[in-house]
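Hi there,

Here is the structure I promised to pass on. Have a look at it first, and then read my notes below.

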Amino acid sequence: ISLSSEDEDEPQPVRYRRIPHFKFRFINCCYQGNIKKRVNLSTLKSQWKGSILKDTDPVMLIYKNGHNTLLMFATGKFRFMGPFHPTTINAKKQLAKLPHIPKIIKNAPLTIQTCTVTFKLPGRGVHLPRLRRDNYEITFNKREFPAISMYRWAPMHVNIFYSGNVVVIGSKGIVSQVRKIYKSLLHYINVNACWCEYQ
């Protein structure tokens, strides 16, 4: 196929395909549990060394160990969170690593509440104002928040920053959805030719 001189001189938009070794990172996964029994937070504070009792509403005992955090309420409800793979089995393993945790808490059923995942798009940045021109269920106000918020994958919430960093917030099914979101974003940005040099 021959090319004319006009075709040769015309600048071509940068395009990226799917990267085989695509990686994403779990920033925080939050699980909720309930031992269905009231607890004395002051007593637990003396047992959980380094824990902090927050006496303003909502009253809770904050217990941190490494990168994981346990929030205990007097009602017996609790939240357990950390940067681990969001499966119930893994959450229970991480919870069991906390010292001085009674079995009633370790054995309580856990339900995922939210999960935050991040990954980096290829290239050196994304031209966010140009993306805004297309109706892709997005909001953008750079004075309030320097990222585009996308709601196409509700209830997943997706934020794209100028640097090409993407933050996905969701709950169940987030792992299976992240790769789909990644592929969809590559296609969407390629179509709009919105890759740019981030400064």
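A word on terms first: buried means under 20% relative accessible area, exposed means over 50%, and partly exposed lies in between (1.4 Å probe, protein chains only). This is a predicted model, in which local features need pLDDT of at least 70 and side-chain atom pairs count only at pLDDT 80 or more, while totals for chains, interfaces and linings use all residues. Residues are numbered from 1 along each chain as its sequence is written, and side-chain values use heavy atoms, with hydrogens and water left out.

Let's start with Phe161. Its relative accessibility is 22%, so Phe161 counts as partly exposed. Phe161 belongs to strand β9, residues 157-161 (strands are DSSP runs of E, at least two residues; helices are runs of H or I, at least four; both are numbered from the N terminus). Leaving aside residues up to four places away in sequence, Phe161 touches Val126, Leu128, Phe145, Pro146, Ala147 and Val167, where contact means heavy atoms within 4.5 Å.

Now the backbone. Most residues other than glycine have a negative phi, and most peptide bonds are trans. Here, Asp57 and Pro58 are joined by a cis peptide bond with omega about 0 degrees, and Pro58 sits in the loop between β2 (52-54) and β3 (60-65). Another cis bond links Ala154 to Pro155, with omega about 10 degrees; Pro155 is in the loop between β8 (145-150) and β9.

Lys36, not a glycine, has a positive phi of about 55 degrees and lies in the loop between β1 (25-34) and α2 (41-47). Lys36 is exposed, because its relative accessible area is 75%.

Best wishes
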